[in-house]
Amino acid sequence: LGPPPRKKPGKTWDDPNLQNERDKHKIDICKHEFLPVRTELMRIAREASEWIRYSGFLDSKDVFVSSREYFETEILEKQ
């Protein structure tokens with residue numbers, strides 16, 4: 001994988017005061033101090049991935065993905 005598309009996540013606002021206010025609420029999920037949060041998010045993501053793959057969800061007539069093959073190989077299998 002290449003580098004992330006931008007160094008600072010989130011929306012960039014035109015108003016510097018609004019940008020500063022929004023930035024106060026952002027966290028870098030990769031920092032060690034947020035390891036418990038990241039661990040829990042990954043647990044939930046793995047459970048969701050398994051449910052999507054094995055529950056029949058993708059076979060529902062109400063579920064559409066632009067490319068099922070891509071979705072299954074690139075999204076679901078890379079955990």
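The model is predicted, and local features need pLDDT of at least 70, side-chain atom pairs count only at pLDDT 80 or more, and totals for chains, interfaces and linings use all residues. Residues are numbered from 1 along each chain as its sequence is written, and side-chain values use heavy atoms, with hydrogens and water left out.

**Confidence and helices**

The predictor's confidence in each residue, pLDDT, runs from 0 to 100. The chain averages 85, and 85% of the residues score at least 70. Helices (H or I, at least four residues) are DSSP runs numbered from the N terminus. The expected span of a helix is 1.5 Å times one less than its number of residues. For the 20 residues of helix α2 (residues 35–54) this gives 28 Å, which agrees with the 28 Å between its end C-alpha atoms. G56, whose phi is positive, near 90°, follows α2.

A charge sits over a ring if NZ of Lys or CZ of Arg is within 6 Å of the ring centre and within 35 degrees of the ring normal. K11 lies over the face of W13, 4.1 Å from the ring centre, and the charged end of R22 sits over the ring of W13, 4.8 Å from its centre. R22 belongs to helix α1 and is partly exposed at 39%. Q19, also placed in helix α1, is buried at 10%. Leaving aside neighbours within four places in sequence, Q19 is in contact (heavy atoms within 4.5 Å) with K11, T12, W13 and K26.

**Salt bridges**

A salt bridge is a side-chain nitrogen of Lys or Arg within 4 Å of a carboxyl oxygen of Asp or Glu. The count comes to seven, and E40, R43 and E47 are linked in a network of such bridges. Three pairs are listed below.

| Pair | N to O distance |
|---|---|
| E21 and K24 | 3.4 Å |
| K26 and D23 | 2.9 Å |
| D59 and R68 | 3.0 Å |

K24 is exposed at 61%, and D59 is exposed at 57%.

Notes:
Helix = DSSP H or I, 4+ residues; strand = E, 2+ residues; numbered from the N terminus. Buried < 20%, exposed > 50% of the residue type's maximum accessible area, 1.4 Å probe, protein only.
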